[in-house]
Amino acid sequence: MTALLDALLANPAVILTVGAFVVLALPRHLACLWLLLVTAFSAIKLYALGIGDYGALSVFGEQLTTVRVDPLSRIFAVVFHIAIALNIVYAWGQRDRAQNFAMLAYPAACLGGVLAGDLITLFFWWEMAAITSVFLIWAPGTRVTYLSGMRYLSIQILSGVLLLGGIVLLFRENNSLAFDFIGLRDGEGAIKFSALAIFLAFGIKSAFPLLHNWVQDSYPKSTITGAIVLSIFTTKLAVYSLARAFPGQIELVYIGAVMTLFPIFFALIENDLRKVLTYSINNQVGFMVVAIGFGAINGAAGYAFGNIIFEGLLFMALGAAMFRTGTSKATELGGLYRTMPITMGLCIVGALSISAFPGTLGFVTKGLIINAAGEAHMFWIWLVLLFASAGVLEHAGIKIPFFTFFAHDSGKRPKEAPMPMLIAMGVSAVLCIGIGVYPAPLYALMPDQAAIAGYHPYSAYHIVEQLQLLLWAVLAFAVLLLIRWYPAEIPSTNLDTDWFWRVPGRAFLGWVTGASRATWNALWGIFTGHIQAIMERIYLVHGPEGQMSRSWPIGFMALWTAVLLALVLILSFLA
């Protein structure tokens, strides 16, 4: 009992979780203040722990490490705390208890997963993240969001089932629950089924191609603050898990390359700008997955750190515009720069950073990934990453600020964003520029200090390469816009690969349902036929006209009585 209490007290994620439950009983006007205080206390606890393993538990003879702080988990834990604090400030004054609870409990679960030193602890927080995050999708309280939340929960639970199955199989193979390098293949090069199950579990939360549609289906349907919180944690927990368990797996390079490409085209034709940013999540996570495949853990962790800040800033800026106008559709926005100039400026900072403009956070982190592709001498992957970087500028760096604050004049003249939103966006913008200009504090947190020691982001080659890329991307946007080849923003619902789930998938499900019904009816018919035959046989024997119901002569019964008595006497004699 003492060991369990010590393990709980040593875990910053537990502090956040307890704080989330307490907020349910607090007066609504004190909720945000309490959430911020709990976050600060958790951050202090994380700092006090330092590098090491904590919260050791013995469960059924197996040793668990509930808290592991090492350079890789620390950088994710630090940025998670920054994101939690910024989200709380952004949503200051929010009175919805369910959202206030989920806004802390969900990040707490992801933090617990990042700090987990064993697979059982990881699984526990993995499922907690799925359960607590769905409340943010259900928060609007409509039938659409309810159905979306159920679909979201189903795919997240599937991820958990795969993870648990993989853990059981892995434990049978090596009798260990440690959450360390797993690898896809054994010593002979064959793919391990246990590792494949865990890999797919991580892949679902990372939104691998064909497994990504839950992001576009659920995130844009959440509330303004809910979408911001959702955009940060689930996919980054998955990125951390891949970096921990599968670094250097070449399959991740190709999967990540596809992830960086396909969202660009769908984002360009999408009218809902919040959905555009969800495609940006797929694209950005793709860069991190590529970095993990190369074994460039600094690139994956550093870019995850930066993406949480600058993509969060874009979600915040778009959320502020939505808060004032009631819409995030490109066709219904535009011209907001007249009355929301501060939000516009902060949005542009986020756009420059996600586009990796020199002097921003994106520039000093994305270069680590591009460099890794070059050092691996994979020319085509390097070329794909450059193209995808240009695509980021098109759909996130230009489209979001352009269609929100410029483009056509929507006629809307809303007030500037509320002060708490401006403060949260302002701090994010300061981090984007401050770390971009002086990246040393971020580099000091990198997991591989030996690799980062020789990296210089502001070399002439890096600057010229990136400026050329950005210049040509901007020119391409301008030319396409002038000649009217740029996809027009029209009210529509675009389907990407979820078409396979909605159309042939639904048809296949219908066929499976019909086949299952026909099979069941056939089997039930056979079963009932046999039961009826048996009942008829019993009736023939025991029914009113059956053999057992006939009258027997007295002499016949006396004979059988004598036979039975003789048998009893013989048995008694032999005994």
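Author: A disulfide is a pair of cysteine sulfur atoms within 2.5 Å. The structure is a predicted model, in which local features need pLDDT of at least 70 and side-chain atom pairs count only at pLDDT 80 or more, while totals for chains, interfaces and linings use all residues. Residues are numbered from 1 along each chain as its sequence is written, and side-chain values use heavy atoms, with hydrogens and water left out.

Reader: How many disulfides does the rule give?

Author: A disulfide is a covalent bond between the sulfur atoms of two cysteines. The count for this model is zero. C32 is accordingly in no disulfide, and the nearest cysteine sulfur, in C110, is 20 Å away.

Reader: What span does helix α7 reach from its first C-alpha to its last?

Author: Helices are DSSP runs of H or I with at least four residues, strands are runs of E with at least two, and both are numbered from the N terminus. Helix α7 covers residues 143-174, which makes 32 residues. The expected span is 1.5 Å times one less than the number of residues, and α7 is close to that expectation, reaching 46 Å.

Reader: Which backbone oxygen does the side chain of S148 reach?

Author: S148 lies in helix α7 and is buried, because its relative accessibility is 0%. Its contacts (heavy atoms within 4.5 Å), leaving aside neighbours within four places in sequence, are I137, D217, S218 and K221. At 2.9 Å, its side chain reaches the backbone oxygen of D217.

Reader: With which residue does D70 form a salt bridge?

Author: A salt bridge is a side-chain nitrogen of Lys or Arg within 4 Å of a carboxyl oxygen of Asp or Glu, and the whole structure holds seven. The closest N and O atoms of the D70 pair are 2.8 Å apart. D70 sits in the loop between β2 and α4, and its partner, 174 residues away in helix α10, is R244.

Reader: Where does the partner of E251 lie?

Author: E251 and R185 meet in a salt bridge at 2.4 Å, N to O. E251 belongs to helix α11, whereas R185, 66 residues apart, lies in the loop between α7 and α8.

How values were computed: Buried < 20%, exposed > 50% of the residue type's maximum accessible area, 1.4 Å probe, protein only. Polar contact = N/O pair within 3.5 Å; in protein donor to acceptor, adjacent residues only side chain to side chain.
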